[in-house]
Amino acid sequence: MLMAQFKPKLLANLISAGRATLLLAAIGLAMPAPLQAQGSVASMLPLLGDGSAMSASDERRLGDRIARELYRDPDFIDDPVLTDYVQGIWLPLLAAARARGDLTPELDERFAWRIVLGRDRSVNAFALPGGYFGVHLGLLAVVSSRDELASVLGHELSHVTQRHISRLISKNEQQTPWMIGAMILGALAASKNPEAGNALIVGGQALSAQSQLNFSRDMEREADRVGFGVMTQAGFEAQGFVGMFDKLQQAARLNDTGAYPYLRSHPLTTERIADMQSRLPLGAPHSVDAVPGMTHAMLTARAKVLANPGADALRGWQSQADKLAPSQTAAQQAGALYGAAMAASRLRDAAQARRQHAQLQKVVADDAEAALQARWLGVEIELAAGDRSRPQVLAMASSAGLNLAGSDALTTLRRPELLLQAQIAMQTGQDGVMDGAAQKLQAWLVRQPQDALAWQWLASIYAAQNQSLRALRAEAEARVAQLDYAGALDRLKAAQDRPRATGAANSSADHIDASIIDTRRRQIEALLREQALDD
């Protein structure tokens, strides 16, 4: 239902800051499976038809507080290619929720609706207050289709649009401090030792255990029902929901060993499975093995490589590529070759990466989207190798379809292309290329001001062009995008001090930049004061 795996260090940080209420959104999910079976404080909720005592603004502030910690977590990852893929599923779901009336104008405006990827091999996704959502790379690695991933995201989206989280928090605020302390300590202990967690948390389990469990099931069924409607209206196949349930059911039968924390926070019941099967079109099979598309197979491989970057795991991809057989589907071959080429690049074996990439291009030649993904990977391999001359890098970018000289329409330019162009500009160091990349990043950020990675690349380009004020301001905006207002303020102060420290004469452009920086400093100081009050 919510976040199933708060890191121990994250829990410790939140506790040390006195943020007990914040933790309650995740406590029920941090417990091991045996405790969930007995019921949890996270399940003590009002009837589904009741309203929430927590306003949308209050919930958003609470979500911001949690998300700020997630962005600081070493497991946070912003991979442009995977983020682009997930957003391609997420945005149609949001549009469908709006069209159905599930996502009200107030929530649409006030909530973040942002997905945060985590470099974790466990199969998990979670919703947080205020419209933040987490997805582990382990989930991307096991879903067999876009439709299965859409079913998970649609379910989590529905927890938020139906205000499940805010009602949970409002109810939990009425619990006594000793219970809150017991649950926090139990969650901390359970993250290291399930038996110790059980000993600490047992007092909190004495209150209406059966009624709590039943209510949690009601909420899960509602999220299933609404999520099913959202994903099918968004154009995804209904079979994806049942296919994902089949995966989870098989994992449950095999006795979950911890790789599927999603099972703990979303316990399957026969009623939930039967309900989803009954919603399939008449005559549709209740169980069918999804056949991954070529693009999905490639990006599943990418998620696996990024989630398990150890040298042994990377070398394992080479053996998969060496064992390709004619009996394998084109998608299976594309996935193996993509993973092997990416792994070889990360092992600093550029020659091997190029050979496998060449094989990959032959396999995906007839699939436009898969061929585009392969070209992006080829650019990544060349940038990582770093052994090409400037003309060769520019020629490689042109052959990959990256328009470095011209202006791309932002309606067609995708984020991975934009950020690859920025990396190429930095590697070539050519003024015209850097100017073009900076202009595209500026235009992009007008529409996507929360794109921290784009701000970081813009800062790097400005720094390379000796535009120090603009570089520091872009660094500040990158921190704002990740809710680090203190860090942003530090960068803006450095920008204000820079002209005085260097004694450089100010141009008219510098005066404009300085004015913008002064304005942003005042705005961020106000945000920092609000953040301090919430903390």
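This is a predicted model: local features need pLDDT of at least 70, side-chain atom pairs count only at pLDDT 80 or more; totals for chains, interfaces and linings use all residues.
Local features are reported where pLDDT is at least 70 and side-chain atom pairs where pLDDT is 80 or more, while totals for chains, interfaces and linings use all residues. Residues are numbered from 1 along each chain as its sequence is written, and side-chain values use heavy atoms, with hydrogens and water left out.

**Figure 1. Overview of the chain.** The chain contains 27 helices and four strands; these are DSSP runs numbered from the N terminus, with helices (H or I) of at least four residues and strands (E) of at least two. Of its 535 residues, 53% count as buried (under 20% relative accessible area with a 1.4 Å probe, protein chains only; exposed is over 50%, and partly exposed lies in between). Among contacts (heavy atoms within 4.5 Å) with a separation of 6 or more, 73% link residues 24 or more positions apart.

**Figure 2. Helix 22 and its surroundings.** Helix 22 comprises the 14 residues 415-428. From first to last C-alpha it reaches 20 Å, close to the expected 20 Å at 1.5 Å a residue, the expected span being 1.5 Å times one less than the number of residues. Helix 22 is mostly covered, with 11 of its 14 residues buried; among them are R415, P416, E417, I424 and T428. The elements covering these buried residues include helix 5 (80-100), helix 20 (368-385), helix 21 (390-399), helix 23 (431-447) and helix 24 (452-464). G429 follows helix 22 and has a positive phi, near 70°.

**Figure 3. Packing of helix 18 against helix 20.** Helix 18 (residues 330-346) packs on helix 20 at an angle of about 15°, and their axes are 10 Å apart. Axes are lines fitted to C-alpha atoms, for helices over the stretch in contact, and angles run from 0 to 180 degrees between N-to-C directions. The two helices are therefore roughly parallel (an angle under 35 degrees). In this contact, Y338, A341, M342 and S345 of helix 18 meet Q373, L377, I381 and A384 of helix 20. By class, the contact has six nonpolar, two polar and no charged residues; Ala, Val, Leu, Ile, Met, Phe, Trp, Tyr, Cys and Pro count as nonpolar, Asp, Glu, Lys and Arg as charged, and the others, Gly among them, as polar.

Figure 4. R302 lies in helix 16 (residues 294-307) and is buried, with a relative accessible area of 2%. Not counting residues up to four places away in sequence, R302 touches D79, V81, L82, Y338, M342, L377 and E380. The C-alpha atoms of R302 and G339 are separated by 6.0 Å, although these residues are 37 apart along the chain.

Note on methods: Angles under 35 degrees count as roughly parallel, over 145 as roughly antiparallel, 65 to 115 as roughly perpendicular and the rest as oblique.
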